[in-house]
Amino acid sequence: MSGTGYQGKKNIPHLTSERLLIKGGRVVNDDQSQYADIYVEDGIIKQVGENLIVPGGVKVIEANGCLVIPGGIDVNTCLHKPYLGTPPVDDFYQGTKAALAGGTTMIIDHVTPQPGESLLEAFEKWQEVADKKSCCDYSLHVDIPHWHEGVKEELEQLVQEKGINSFQVYMAYKGLFQMPDSQLYEAFSFLKELGAVVLVHAENGDLIAQEQSKILGMGITGPEGHPLSRPEELEAEAVFRAITLGNRVNCPVYITKVMSKSAADTVATARKKGSVVFGEPITASLATDGSHYWSKNWAKAAAYVTSPPLSPDPMTPDHLHSLLSCGDLQVVGSGHCAYSTSQKAIGKDNFTLIPEGTNGVEERMGFVWDKAVAMGKMDENQFVAVTSTNAAKIFNLYPRKGRIAVGSDADIVIWDPDKIKTITAKAQQSALEYNIFEGMECHGGPVYVVSQGRIVFEEGKLQVQQGTGRFISRKPFPDVAYQRIKYRNKMMSKQGVSRGMYDGPVYDVPATPKYITPAPSAKTSPTTHQPPPIRNLHQSNFSLSGAQIDDNIPRRSGHRIVAPPGGRSNITSLG
Amino acid sequence: MAERRSADRDGDLPVYLARPGTADQLPRQKYGGLFCNVEGAYESKTIDFDALTVGQRSSRSPRATNREELKPSKHQTNFPSSHSEREAKDTVQIKHAFEKEAPQHLDKSERLLIKGGRIVNDDQSFYADIYIEDGVIKQIGDNLIVPGGVKTIEADGKMVIPGGIDIHTHLQMPFRGTSTVDDFSQGTKAALAGGTTMIVDHVIPEPGSSLVEAFERWREWADEKACCDYSLHVDITHWNDSIKQEVLSLIKEKGVNSFQVYMAYKDLYQMSNSELYEIFTFLGEHGGIAQVHAENGEIIAEEQNRMLEMGITGPEGHVLSRPEELEAEAVFRAVTIGSQTNCPLYVTRVMSKSAADIISQARKKGNVVFGEPITASLGTDGTHYWSKNWAKAASFVTSPPLSPDPTTPDYLNTLLASGDLSVVGSAHCTFSVAQKAIGKDDFTQIPEGVNGAEERMSVIWDKAVVTGKMDENMFVAVTSTNAAKILNLYPRKGRIAVGSDSDLVIWDTDATRTITAKTHHSAAEYNVFEGMELRGAPMLVVCQGKIVLEDGNLHATAGTGRFIPCSPYPDFAYKRVKARKQLAILKAVPRGMYDGPVSEFSPMSRGGTPSASTRTSPTKAPARNFYQSGFTLSGPEEAPIRPAGRRIVVPPGGRSNITSLS
């Protein structure tokens, strides 16, 4: 039945004949659970309720009291991110297959243009590839590798014409993607005007670079050098800085890949203070820890390499689940970026060259259930919120995605809480030859997965066809992020104090430029043409001193103190 | 006598007290960490432990008679050696000081006996008399036998505390061809009037100039004018290899152990994260203390632009463009870098609650970090920036700014009392109104600095001790002892003990004075604490063994101040750092060679955007440059096995779907 009659492209409800009735399940949304049947037609949920009146010839799925939940949304995948020219082994086909097998019916992938490359072109390339291969609906984040004037135009176009509302910036990868604080400030300001969500890869790249050279200098070249050179506090520091920037600009900030306790705590504290910040732990940080970096098996150790690294603290997954349950962290991504062992082996003699990324798109929902719901930390509604609804809200897909309601897309998962599955590379959909969760037992899993109104996963069997996935465009100014921002904008308009003119004596500043530090401003972005009026204690200010002096007191040339810099004259010059 | 006493007491005293005491200045070896007692701190001190147990002077008489017979012999035998050794030590350490001391030796023969005071150190308080000769405390105890003709001061049970150490001043600081109105003479007079007997000033070399030259210039100014002992911090305003050498020679030869770096003042003093990392690493290796001015300069620059664009040009723009969280952010970052490099960190000017919170959290996590609130942040708040009177508003301009939150001073005093913040400076840096008016049309041009050297001790007494937050011992710790420990001057400074410098203050807890610019000793025509009524004031100040403040009259002489060299590796900060260094050795995992297939990759050099790396420091490390050429690496690594034909030359993000598992 799957894929029958389909060959159309997106936006056309191509499965018109497909009609489904899901009976006897408990419909779980993020706000409530209820027993109800669901009738699906044309890829859209048409009716929710009991004793539905449906046409004949409808395929009926018996849910048998299992949970019926909105399909998962995986907000962080990299299915096409090349590393030194080689793409990851899981492309949009393999990756979305794995996603569907795990109960995820939509992914949001990262477009990663290289520095200097056009964002638009990269976006189109990604879209083209994904349209051909993707098996489920998808959307795209665009990463901004480099901030300059030209980017602004492209961003505007992406937001207004292409349906992108989220952009990632990097605080790490020095010399490549990393932006200094002033560029981040500009990027945040601009993206806020566009109504986009700023995703931040938060690690202090400057310090990482220093640590890497130190650790390589000590002769540590294996994967253990990766976490050693990226300690937890560098992540926490960058998260703190990103939040500070977000507060200053009054812009929502979304922290991708929250990997450590202290980073998560920083996010939680900031939220308590009222910052608009979202935190996204990933499958790997929720299910395993960084002790494997010290494995004697190089290939195994390398498999865990991702940035920020998994925390060596074995209590981390537990802590992250607690924060996820109480709402301090909002969304679970997978950070799925699968490089084969031979690709990882590019860095066999130097850990800084190991391509970064772990698997997790297939295991994402299962581990949240296993480690949070089955442990009693989280209820089923919160489970739906963190795996699907919150993501839909933050990225402005709600209620089309992330909810089972009349009119929503028919992305539905029938979830069996009692299903037990042992994770192994042999049984996985991903093309990887390893799995970082190898051997772990996972409670809870999908029985049926319905994507776009079609059953794509049934009793362990996938029935998918590549190219069926549609690009879902997203509008700017998502309410969950921007409603507060709008009010704060109104509140935050600052006013100067109206005072009478100061008419006392003014110390006469020598107008000769003593020195100007030549170099440091080279890196400021080309937008700041005018010299920023920062407080340069020793620098001259032509325009100001001129205006000042002429205004009030006649210039007395004899009054000027022409002393060598740091001269010993002790004239208090009170006039 | 010493032997006899030790024999008596061996049974019931801790080992370190039972050691035969000698009054001479052994090179003190210290053990233990943080607030531990210094080994030998009790040595040769005539602490009357009987008195301590009873707590009353009068009740001690029965046994005092016994000791009276013993005492003379002890002190007479010990004096000469102690004195000569001390001289010898001083001549070795501070040659310059002695040239200057010579003319004053007439005054120096001044001998003082302070009777009936309650000596308050950071660890304990007790009643005892103090005998001072040659600027050094010679005896402490009851019923001291002293030569005739000694000037006696009756303390009448008042507190006798070690003179304050103001660890942060900017006296005579050059600014655009002028300098702060308080020079070393005026500023130290103000300090003495407030009970502070030592200052530590900041040397600020202009970016690009030599640190050592700037240091010498400051020395010259201070030697000429300072009225009390002083020491110097040197600010590192730019960083390169030659500066490294200068820092080293300052540490090793010039007696500077603390260096300030700036995270603010973009394009002027500001250091990038990697420069900070290098500086911290360097200081950590050589026993220096890294002081930071913690504010995020990048964001400040952006905010200042924004404020000016909005038409806010008055002093309120200063605080609006430097919000509290930028301070907290930078403190957080500095703590992170300090802990990565294992270097003790000292945050100057903690002005806001959130910055103080970050420091106290970091200390709880075990980081070696010290926070320094200043007089202004403890005594007043930033609401005055909105004053209609421009001159008043401008007088509060300092960086980081005073927090507009009026509960901040109270909060900082609480953290100070609990030990989360360690020392109090004044950041005394005074400009006249005319000088401040340079920025009358643009707040970014207002010279920054507030007064506070004179009010420092009283503000803490009034806000923390009188309110019951802090006890008198902690008061001594935060105003004097901790600073001495950080500067590695302890126990010469910061303690009342035999052999210590005789910088001490008789503190009148009942005195009340109202702060006003009319009566203060600073040359500035405003005072940020104007009108504030403060309880607690110095009644008498002894500096270098001479009375400099008595009955409200100041008898300070410019040029009497000596430079006190600080040695590196202060135990207070470095004991833990040293231990951690040994622990923190990272080890690689021994593995067999990976001999599986290695994916081919194209070493593209296209990732390097030309402008992006211009600012990186020259010593840059091999960062993870995904797309940048790994020439050096790929060369040796790939050369033997590279099959040239197999390279996958795809356009970036090309559509080929080769999994390249081979």
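Contact here means heavy atoms within 4.5 Å.

## Model and conventions

This is a predicted model, in which local features need pLDDT of at least 70, side-chain atom pairs count only at pLDDT 80 or more, and totals for chains, interfaces and linings use all residues. Residues are numbered from 1 along each chain as its sequence is written, chains are lettered from A and ligands numbered from 1 in the order in which they are written, and side-chain values use heavy atoms, with hydrogens and water left out.

Helices (H or I, at least four residues) and strands (E, at least two) are DSSP runs, numbered from the N terminus.

## Helix pair in chain B

Helix α13 (residues 324-341) of chain B meets helix α14 (residues 353-364) of chain B. From α13(B), the contact takes in E324(B), E327(B), A328(B), V331(B), F332(B) and V335(B). From α14(B), K353(B), S354(B), A355(B), I358(B), I359(B) and A362(B) take part. By class, this contact has 8 nonpolar, 1 polar and 3 charged residues. Ala, Val, Leu, Ile, Met, Phe, Trp, Tyr, Cys and Pro count as nonpolar; Asp, Glu, Lys and Arg as charged; the others, Gly among them, as polar.

The axes of α13(B) and α14(B) come within 7 Å and cross at roughly 20 degrees. That makes α13(B) roughly parallel to α14(B) (angles under 35 degrees count as such). Axes are lines fitted to C-alpha atoms, for helices over the stretch in contact, and angles run from 0 to 180 degrees between N-to-C directions. The crossing is right-handed (the near helix is turned clockwise from the far one by less than a right angle).

## Sheet in chain A

In chain A, 7 strands form an open sheet with parallel pairing, in the order β6-β7-β8-β9-β10-β11-β12. Two strands pair if DSSP finds at least two bridges between them. At the edges stand β6 (72-77) and β12 (277-281) of chain A, each with a single partner strand, so one side of each is left without a neighbour in the sheet. Neighbouring strands are turned by 25 degrees against each other on average, direction ignored.

Strand β9 (residues 166-170) of chain A runs parallel to β10 (residues 197-201) of chain A, joined by 5 bridges. V169(A) has V200(A) in β10(A) as its bridge partner.

## Helices on the sheet

Helix α1 (residues 92-101) of chain A packs on the sheet and touches β7 (104-111) and β8 (137-143) of chain A. Its direction makes about 140 degrees with that of β7(A).

Helix α7 (residues 232-249) of chain A also packs on the sheet, touching β10, β11 (253-258) and β12 of chain A. The direction of α7(A) makes about 165 degrees with that of β11(A).

Notes:
Parallel < 35°, antiparallel > 145°, perpendicular 65-115°, else oblique.
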